[in-house]
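Let's go through a few labels one at a time and check each against its cut-off.

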Amino acid sequence: METTKATTKTQAKTGMTDKRTAGQANNLVLSILLGAGLFAVFVGERLIGAGPWRGLTGLGVALVTFALVARAVRATRPGEHRHVEQRLLILYGLAALALLLYFAQSDLLAVVTGRLLERGSPKLAGALAALWPALLLAAALPILLVEMAYAAMARAPRLENGRLDDAILTGLALAGALVFAFSMTYVATQRDHKVDLSYFRTARAGESTRKVARLLDKPVDVALFFPPANEVQEQVASYFSDLQAQSKFVQVKTYDYAVDVGKAKELGVSGNGAVVIYRDKQREQMPLGIEIESARGQLATLDRDAQRAILKVARPSRTIYFTAGHGERSPDPASDTDKRSTIRNLRELLTQQGNSVRDLGAAEGLAAEVPSDANAVFILGPQKPFLPEELASLERYRKRGGRLLVALDPDGQDLHEMLGPLGLKFVSTPLANDQVFARKSFQTSDRANLVTGSFSSHPSVTALSQLGFRAPLILVGAGHLEDVGKRPEGMFQNPIVYSHPATFEDANNNFNFDAPGEQRRAWTLGTTLSRPSDRSHGVAPDKAGEGKGKADEGKQEEERIVILADSDIFVDGVVGNPGNVYLVNDVVKWLLGDEAISGEINSEVDVPVAHTRKDDVMWFYGSILLAPAFVLGLGYMATRRRRSWRKAGTGAAA
């Protein structure tokens, strides 16, 4: 009896399987007829388009209509296949609708109505032309995937409706992705408009440049050579309009090279896209270009470049001497074995600011006298001692109102003969910091690369005192300065740069803090000295008014000295750091008596992001461990939810 029941069940299952196989075969035939009908319409309309063979279009419409009607009949029959048949009927209807929309915007409409839709309603015709392919794709892909899934279940014990629904949704998703891709491609070809999402903004006139404009005593002309309605011209004109509002002596005019050929020839301009700043015969040209993409770099540093150009034409050239012959920093290596960093960028920076840069050694007369045209003398990292005659010459220069910049290194000369009489001492024990430092080689030796944002309010560090750690100063292997004695009468000392409080004297050169022998504190890294020169005292009038004029002239001269505990501040690769650039700008301005124009120079150049050691560790483990773990966790959760959903769908179907 039991054997008979089992046999009956097996026969029933086999019959259901055979019935489903036959139904699937018929189902596939209808889909093939639908595809054949659509292909016939394509051949008749797109490949032939005219003549008797266009009758293939009618054949295709007939096949599509037959497949649609047959599918509707099958969808009304009861059974387990009814679910999939109803959904296929909807997809067939979507394909038929796409066909109708095609005919509505094609020239076949003119055969019936005598008028093309494109002429009466061009926008509607365009919308239908874009809509019918999207609908056809949204129907064809799901039908194809459903047929594949249906064929795979021909011998299955039961029909999995959830699997068929997944196939439909997958087909719709693929169709949507393709429609989106084709739409974006079409829009991109028809509307060739570029959008740059990177950060960009033209530099505005900074505090220092505004001061330069306000202190002008004679007109400075600015000529902008650009074609009409130019983007670069708009950016540049906005900058100089802001500067013009600061002073009546800034006069801005716009020219077109194609129209104002005579003015262009007068100012030495060879085409549009240039800015010329000039006074009398002095002129500085700033080439920018007329394309906004290529001009971005120059526009980001427009404030810096404009200030340099204005200073070069508005004030006389200054002469700065660099001592030589004692192993100082130089623009080129002294020999093939010389590995010290050079100061080529520093000298170029000073030259761009309108200064004349020259060398001064024994061969140039340093042992006799500092040249009378010297506005400042720089002594950067000497490795060999100065001759007594050279030191005496520098002292005489200082006492008559000279300006000195002295930067020393722990492995070089301490210049005690010069600093001792000024009440200072250079301590050559190198400093280090294991908490705040600049990474270069990612070794413990990087702790000697000091980073500081501690500055006084002295005019020689005006911008740095305002910015603090937003523009940190970098020093590579620095010592420090100490007070050791009495200074000359009337001389004032003002420390200007301090180290980070966690900095310590690395006496054993192991780059580690070893208590209690080593102490952490804020060390003095830079200081200034100043006093009225000897020429300003005891000037007696020779004639009425004449002596007074000489006295006033003498009072304008003041000894000014800047002493720094590291010369690497100025070397190539370090001087480009924003904080180091600000130090050079303001120190030089103070030495030359231009402290009234000290201040921040705006720049829109992106500054590299710096990380501390903790930041590096966090980013390393975050990218190696946390990010992959997070992705795997999301994938695991999504997989579990999908399996639960499928089980629930299968149970409901059962």
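Contact here means heavy atoms within 4.5 Å. Keep in mind that the model is predicted.

Q: What makes up the cover over the buried residues of α8?
A: Counting heavy atoms within 4.5 Å as contact, the cover includes α9 (231-244), β2 (250-255), α12 (302-314) and α18 (578-591).

Q: Which residues of helix α8 are the buried ones?
A: In α8 (residues 207-214), they are S208, T209, K211, V212 and A213.

Q: Why is α2 called roughly antiparallel to α3?
A: Helix α2 (residues 56-76) and helix α3 (residues 82-105) pack at an angle of about 155 degrees, with axes 9 Å apart. Angles over 145 count as roughly antiparallel, so α2 gets that label relative to α3. As for handedness, α2 passes α3 in a left-handed crossing.

Q: Which residues meet where α2 contacts α3?
A: From α2 they include V61, V64, L68 and R71, and from α3 they include L88, L89, Y92 and F103. The residues of this contact split into 12 nonpolar, 4 polar and 4 charged.

Q: Why is S393 called buried?
A: Its relative accessible area is 0%, and buried means under 20%, so S393 qualifies. S393 sits in helix α14 (residues 388-399).

Notes: Residues are numbered from 1 along each chain as its sequence is written. This is a predicted model: local features need pLDDT of at least 70, side-chain atom pairs count only at pLDDT 80 or more; totals for chains, interfaces and linings use all residues. Side-chain values use heavy atoms; hydrogens and water are left out. Axes are lines fitted to C-alpha atoms, for helices over the stretch in contact, and angles run from 0 to 180 degrees between N-to-C directions. Helices (H or I, at least four residues) and strands (E, at least two) are DSSP runs, numbered from the N terminus. Angles under 35 degrees count as roughly parallel, over 145 as roughly antiparallel, 65 to 115 as roughly perpendicular and the rest as oblique. A crossing is left-handed if the near helix is turned anticlockwise from the far one by less than a right angle, and right-handed if clockwise. Ala, Val, Leu, Ile, Met, Phe, Trp, Tyr, Cys and Pro count as nonpolar, Asp, Glu, Lys and Arg as charged, and the others, Gly among them, as polar. Buried means under 20% relative accessible area, exposed over 50%, partly exposed in between (1.4 Å probe, protein chains only).
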